[in-house]
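This report describes the fold, the core and the ligand surroundings of the structure shown below. Please keep the sequence and the model at hand while reading.

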Amino acid sequence: MELILHKCKLRYFKEGDEESIVRNANNKNVWMNLRNFFPCPYTLQDAKNWIKQTQLTEPKTIFAIDVNGKAVGTIGFNIKDDVFSRSAEVGYWLGEEHWGKGIATEALIALTKYAFDNFDLVRLYAGVYEWNKTSIRVLEKAGYSFEARLRKAVTKNGVTMDEFLFAKIK
Ligand SMILES: CC(C)(COP(=O)(O)OP(=O)(O)OC[C@H]1O[C@@H](n2cnc3c(N)ncnc32)[C@H](O)[C@@H]1OP(=O)(O)O)[C@@H](O)C(=O)NCCC(=O)NCCS
């Protein structure tokens with residue numbers, strides 16, 4: 001799978017991406033908006049593990065955001081099970097040096113279409129931390145709607161705050 005867009009390309013991770021992943025992922029400003037399983041500091045071994053994990057996961061729903069041949073971020077969706085089998089959670093991050101150019105918005109629009117077109121999904125959703133105005137904007141621009149404020153749902157870096165739930169229905 002490869003989606004060629006205007007500002008970036010979405011493709012699978014591959015050996016050789018390690019250095020670029022570390023360069024872009026080893027950043028507290030990225031980590032602050034993600035779950036704690038995202039490593040900080042982010043080492044070469046973390047990048048190797050990540051590439052391997054994405055290669056072993058089936059179906060393949062996790063992609064590198066590629067700018068000029070370099071993996072500078074990640075975007076993907078996680079299909080839920082049991083009664084939630086037609087729902088998936090989307091997630092993404094981008095290296096800070098690439099912020100503010102519309103890359104995440106373009107990637108999320110394309111990923112959303114890809115997920116609905118190729119999987120039996122009717123609902124894509126994301127949980128955003130209260131302080132993450134940028135990601136809220138990205139979700140809005142990609143056609144996701146605000147559904148709920150989950151009060152005091154998240155504790156990140158010692159701060160307990162609300163989480164906003166955004167979703168897009170097919
Ligand atoms: C969220 C993230 C992926 C956005 O990537 P990006 O490519 O810079 O996003 P885009 O350029 O497509 O869009 C950013 C939008 O947010 C807006 N924005 C930026 N800072 C803002 C702020 N403080 N308040 C409101 N809007 C803001 C920008 O103006 C832009 O909107 P516009 O096009 O209407 O002007 C990137 O910041 C990131 O990786 N953050 C850390 C990880 C993360 O938050 N992941 C998502 C978890 S839910």
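Helices, of type H or I with at least four residues, and strands, of type E with at least two, are DSSP runs numbered from the N terminus. On this numbering, Y144 belongs to the loop between α5 and β7. The model is a predicted one.

**The sheet**

Eight strands form an open sheet with mixed pairing, in the order β1-β2-β3-β4-β5-β6-β8-β7. The edge positions are held by β1 (2–4) and β7 (145–156), each with a single partner strand, so one side of each has no neighbour in the sheet. From one strand to the next, the twist averages 25 degrees.

| Strand pair | Sense | Bridges |
|---|---|---|
| β2 and β3 | antiparallel | three |
| β3 and β4 | antiparallel | six |
| β5 and β6 | parallel | three |
| β6 and β8 | antiparallel | seven |
| β7 and β8 | antiparallel | eight |

R11 has A64 in β3 as its bridge partner, and F63 is paired in the same way with I75 in β4. Further along the sheet, E89 has Y125 in β6 as its bridge partner, while Y125 also stands opposite A167 in β8.

Strand β3 (residues 62–67) is largely enclosed by the rest of the structure, because five of its six residues are buried. A hairpin links β3 to β4 with two residues between the strands, and N68 there takes a positive phi near 50 degrees. The hairpin of β7 and β8 likewise has two residues between its strands, and N157 in the turn has a positive phi of about 50 degrees.

In soluble globular proteins, nonpolar side chains tend to be buried together. In this model, the largest nonpolar core has 37 residues, of which I65, I75, V90, Y92, A107, L108 and L111 touch the most other members. Helix α4 (residues 103–118) gives the most to this core, with six residues.

Which residues are in contact with Y92, leaving aside its neighbours within four places in sequence? They are G73, T74, I75, A104, A107 and L108.

**The surroundings of the ligand**

The shell around the ligand comprises 21 residues, and N33, A104, T105, K133 and R137 come nearest. Two or more residues each are given to this shell by β5 (87–94), α4, β6 (123–129) and α5 (133–141). The element that gives the most is α5, with five residues. By class, the shell has 11 nonpolar, seven polar and three charged residues.

Helix α5 lies across β6 and β8 (159–169), and runs at about 160 degrees to β6.

**Two positions in detail**

Is Y144 buried or exposed? Y144 has 22 C-beta neighbours inside 10 Å and therefore counts as buried, since the cut-off for a buried residue is 20 or more. Not counting residues up to four places away in sequence, Y144 touches A126, L139, F166, A167 and K168. Y144 and A126 are 18 residues apart in sequence, and their C-alpha atoms are 8.9 Å apart in space.

R123 lies in strand β6. With 15 C-beta neighbours inside 10 Å, R123 counts as partly exposed, because that class covers the counts between 12 or fewer, which is exposed, and 20 or more, which is buried. R123 touches R86, S87, A167 and I169, again not counting residues up to four places away in sequence. R123 and K170 are 47 residues apart in sequence, yet 6.3 Å apart in space, C-alpha to C-alpha.

Definitions and conventions: Residues are numbered from 1 along each chain as its sequence is written. This is a predicted model: local features need pLDDT of at least 70, side-chain atom pairs count only at pLDDT 80 or more; totals for chains, interfaces and linings use all residues. A nonpolar core is a set of buried Ala, Val, Leu, Ile, Met, Phe, Trp, Tyr and Cys residues joined through C-beta atoms within 7 Å. Two residues are in contact if their C-beta atoms, placed from the backbone, lie within 7 Å. A residue is near a molecule or strand if its C-beta atom, placed from the backbone, lies within 6 Å of it. Ala, Val, Leu, Ile, Met, Phe, Trp, Tyr, Cys and Pro count as nonpolar, Asp, Glu, Lys and Arg as charged, and the others, Gly among them, as polar. Two strands pair if DSSP finds at least two bridges between them. Axes are lines fitted to C-alpha atoms, for helices over the stretch in contact, and angles run from 0 to 180 degrees between N-to-C directions.
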